[in-house]
Amino acid sequence: MYRKSISRNVALSILIVSLSVAGLVTSRVAAGSAGASPATAANRDVLLQGATGCWPLDIVLLVDQSASMFAIERPNDRDGYRFDAAQEILNQLMVNRVDQCPKVVHRLGLITFGNSAVVHLPLVHIELSVADDMEQWSAEYRAAIADAEKDRTQQATDFRVAFEAAQQLLSQAPPMADPPDVGARRQLVVLLTDGNPDLGTGSVDQYMCDLVDYLKGPTWDNYSIWLLALNASGGPYLDNKAGCGGATIRSNWLDVLQKRNGRLLTAPYNEQTVPAYIGDVVRAAFGQAGIPIQCGETFYIDPYVQEVRFTFYRRKTDTNLAVSLSLLDAAASQPVYQITNQKTDVPAPDDMTLTNYTSVPYKEEYVFAQPRPGAWRFDVQGLSQDECQRRIEARVSQQLAAVMIQPQGVLAQYPEPPYYDLAQPIPFVVQLRTSDGTPIGQEADYPLLVKLTWTPPSGAATLPDGGPLQAIEMQADPNVVGQWNSRDVPVLTPEEGAYQVNIVGTTLRGDRSSEYTLFSQTASFTARQLERLNFVIESPKADEILPCNSVSQGALVSRPVPVVVRLLDSARTAINGANFIASDQLDQVFQVKLMDGGASVLDTIPLKLDQANNVFQGTLLESSQEIVGCGKASVEVSFTGELDSNQVVMPVKVARVSFERARSEGVMVKIVSPEPGKGYLLHPDILSALPGGERVQAVPLELQLTDLSGNQLNPSELSAGAIEALYQVRLVRPGDLLSESLRLTAVERPEGVALVASGGLSVTAPGAYSFEIEPQMSAFKAGYIPAEEKALVVSFERFDTVLTTPLYWMLALIVVALIVAGVLMNIVWNLLTRPLGELQFATYNGTALHTEYLNRNIRRTFRAIYKAENPTRQALRLSRIVVKRTKPDVEKGGRAIRLDAYDEDNQLLFTGTLHSGDSQEGLGGDVWVKYE
């Protein structure tokens with residue numbers, strides 16, 4: 001019920017504006033007749049003389065209730081929009097009766113069909129008054145529509161029984177005594193189906209041949225036929241070549257509808273389809289007053305017209321009539337566009353084109369989509385003005401709707417000033433659209449003034465604090481075509497209950513003579529005391545530039561667009577949507593559309609709930625390989641689920657983020673060095689491995705950037721900023737996860753600019769290494785994208801030989817150091833422990849035998865004395881001499897030693913103290929010694 005109320009509110013907004021603007025005149029002149037039929041003459045008089053523009057309508061709605069429409073698997077109208085159509089037509093007829101045409105009585109019939117036809121509303125009379133409450137007055141009919149939807153007994157699809165039941169209902173209806181100052185009663189049949197007949201037996205093509213013949217036959221000459229094909233499964237249901245004569249079902253229907261002045265609509269299956277289509281149908285049927293034309297004289301087309309259709313009716317005797325249509329300049333004197341008998345005399349302005357020209361024996365017709373407003377002239381050379389006047393008509397399709405985008409549904413109440421959430425004010429937002437949903441922008445020469453007024457539930461003329469309820473002048477949004485908002489004026493909700501909103505648009509007429517009301521419509525929303533929920537689009541970000549494509553196996557492919565949405569409470573805290581959303585299908589409550597810069601929908605997906613992270617997420621264009629939608633783009637997220645209305649409200653149910661998808665050329669990385677698997681010496685030579693001079697050599701990294709064809713690119717042309725920011729480079733030792741962050745620099749090479757770096761000065765152990773080269777997407781200039789989105793890994797080895805191993809040289813140094821230390825210790829020991837001076841050995845007769853200097857080892861003295869060639873060997877006959885320092889006597893001073901001499905048998909011969917200058921005899925063999 002929540003979805004249906006939203007759909008009907010939107011549709012009601014569309015219908016009110018539809019009934020306020022100029023519509024499409026459906027009068028026709030009989031081909032080849034000298035005069036016009038009474039009905040045609042009456043309609044043309046209304047067209048040319050500006051009558052009231054009220055036409056009583058008989059509308060019969062044929063609703064397909066076969067099994068395919070509500071099947072459990074792949075239903076073609078899963079949301080029941082076809083019964084919304086009955087509600088919408090009932091709404092539109094009531095509003096037209098009350099607000100615009102109180103003298104007319106409309107009639108509405110509802111027939112469901114499958115195997116057979118069932119009449120639920122037998123042309124009920126719509127004749128309520130201004131004093132009647134619409135909901136109460138129509139409750140009985142709405143209940144009948146609801147009951148019709150519950151009938152699930154039909155299986156097959158037989159269009160013939162439905163149309164026969166409709167024709168019987170219309171032909172047997174009692175004639176109505178319509179007032180003389182309104183147009184002739186119009187009768188039309190609207191079919192809502194999933195497109196294909198299904199009787200279970202017989203030939204479909206023969207069935208369609210019989211159906212086409214029946215509907216084009218004289219039985220249906222007085223009725224119009226319209227068709228809305230609903231098919232949520234999206235199959236080629238109308239393009240099935242099972243129709244009459246091997247044609248498609250679509251072709252058969254178009255043949256019928258052209259004959260019966262109707263249209264076929266196959267819009268996307270969403271909540272706007274039925275309201276937009278029904279708006280087309282009823283606007284055409286209401287036929288508001290068209291443009292009064294005088295042959296050969298200037299007339300004016302008002303601005304914001306969706307379509308204008310000029311028709312000249314020929315006779316068989318007309319041969320050389322020149323029919324011309326001109327758009328005039330501002331002075332209404334010279335044509336700025338002119339066409340004569342399909343030949344363009346003056347080319348059209350850039351912003352206007354002739355969308356269709358038809359010339360058949362009985363008429364000539366020009367159709368312009370969004371014609372330029374201003375002065376026009378229709379002229380036929382060769383006819384008198386009176387005769388010309390009887391042959392022409394202009395039908396205008398204004399079809400402008402102002403749809404209130406927000407607020408919608410239920411808002412939170414703020415009973416205290418300023419009566420809105422200061423942290424999250426909600427402006428009024430209105431979208432101006434044509435009946436097919438196309439946004440309508442501003443005409444530069446015809447400013448559009450949109451004003452909005454609102455009334456609280458109590459009907460009070462002031463706020464609770466006495467402040468005034470002022471009309472709000474809406475402002476055009478420069479970033480969204482056709483969207484208007486109240487900017488700094490938020491929606492106020494001081495009271496609990498239903499608020500009524502009136503939206504009025506005015507602009508200048510085509511001749512600039514006066515202003516006129518382009519549309520006037522109402523909408524509503526409700527306020528309650530509820531917790532307020534909101535959601536934010538976390539990805540993509542506003543104004544972000546994302547690549548439109550990526551690279552796969554050396555080729556450019558489409559790049560998906562990830563979408564992340566987070567649900568927030570009024571404190572902007574992330575919450576679990578499962579606690580507040582009244583739906584078991586949480587993966588369907590957020591719908592996302594990706595649109596290009598022209599607002600064309602490229603993809604639509606639901607978001608899935610990731611409860612672990614409290615986000616809804618999905619990926620657009622996930623299955624697309626074709627590169628589409630590059631350039632300006634936007635993501636529109638709509639909350640389509642149902643909330644627990646007893647706890648929460650979501651004031652804003654639609655959010656949009658604009659960003660850019662840049663088409664990018666792929667950038668490849670070509671590794672010049674190191675070569676994969678190559679080994680590098682840690683220490684390049686023996687000297688670099690020696691302690692104290694130890695140094696390792698860095699491993700060089702050099703890379704070139706190329707396009708997908710291998711042509712080298714200049715990094716400076718690819719970078720959005722610093723060249724070194726294009727890639728993040730690390731040298732990694734996988735065994736212990738040690739790494740170094742490196743900085744790339746640009747170097748000019750003969751073949752082009754290369755990016756170089758070197759590493760390994762702080763991570764120096766031998767073993768397996770790799771360079772990890774990771775592209776930084778944000779560093780690339782728009783138009784370029786790295787082919788490798790993950791880090792590119794280049795592996796290599798670092799090692800040492802025996803002679804370049806620092807450990808080897810460290811051990812060698814230790815050994816040498818120990819030897820040198822021993823020598824030095826020995827020298828020091830001798831310096832510190834041996835006496836200084838000299839010992840002189842001589843015979844009694846004064847013959848010198850040997851002199852020993854006491855700064856050397858005494859044992860050397862002994863060895864020197866007893867060398868075989870020493871002439872004093874026999875005289876000394878000593879085995880050893882021990883000399884030690886001793887403290888001299890105070891009286892003598894100088895230096896003193898203690899001397900011990902041993903004979904050959906190692907017996908002590910002498911011991912005593914010698915001072916410098918002393919001599920001692922008796923060392924044996926008549927030898928004396930003197931200490932100097």
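**View 1. Contacts and secondary structure across the whole protein.** Among contacts between residues at least 6 apart in sequence, 71% join residues at least 24 apart. Keep in mind as you look around that this is a predicted model. Of the 932 residues in the protein, 48% are buried. The accessible surface comes to about 43,500 Å², and carbon and sulfur atoms account for 50% of that area.

**View 2. The disulfide between Cys-209 and Cys-244.** A disulfide is a covalent bond between the sulfur atoms of two cysteines. A search of the whole structure finds 2 of these links. Here, the sulfur atoms of Cys-209 and Cys-244 lie 1.9 Å apart. The link is right-handed, with 95 degrees about the S-S bond. Distant parts of the chain are joined, since the partners are 35 residues apart: Cys-209 belongs to helix H7 (residues 204–216), while Cys-244 sits in the loop between strand S5 (224–229) and helix H8 (249–259). Cys-209 is buried, at 16% relative accessibility, whereas Cys-244 is partly exposed, at 25%.

**View 3. The disulfide between Cys-548 and Cys-630.** In this pair, the S to S distance is 2.2 Å. The torsion about the S-S bond is about -85 degrees, so this disulfide is left-handed. Both cysteines lie in loops, 82 residues apart: Cys-548 between strand S27 (545–547) and strand S28 (549–552), and Cys-630 between strand S34 (615–620) and strand S35 (631–639). Cys-548 has 0% relative accessibility and counts as buried.

Key: Residues numbered from 1 in each chain as written. Predicted model: local features only at pLDDT ≥ 70, side-chain atom pairs only at ≥ 80, totals over all residues. Heavy atoms only, no water. Buried < 20%, exposed > 50% of the residue type's maximum accessible area, 1.4 Å probe, protein only. Contact = heavy atoms within 4.5 Å. Areas by Shrake-Rupley, 256 points an atom, 1.4 Å probe, with all protein chains shown as cover. Disulfide = S-S within 2.5 Å. Helix = DSSP H or I, 4+ residues; strand = E, 2+ residues; numbered from the N terminus.
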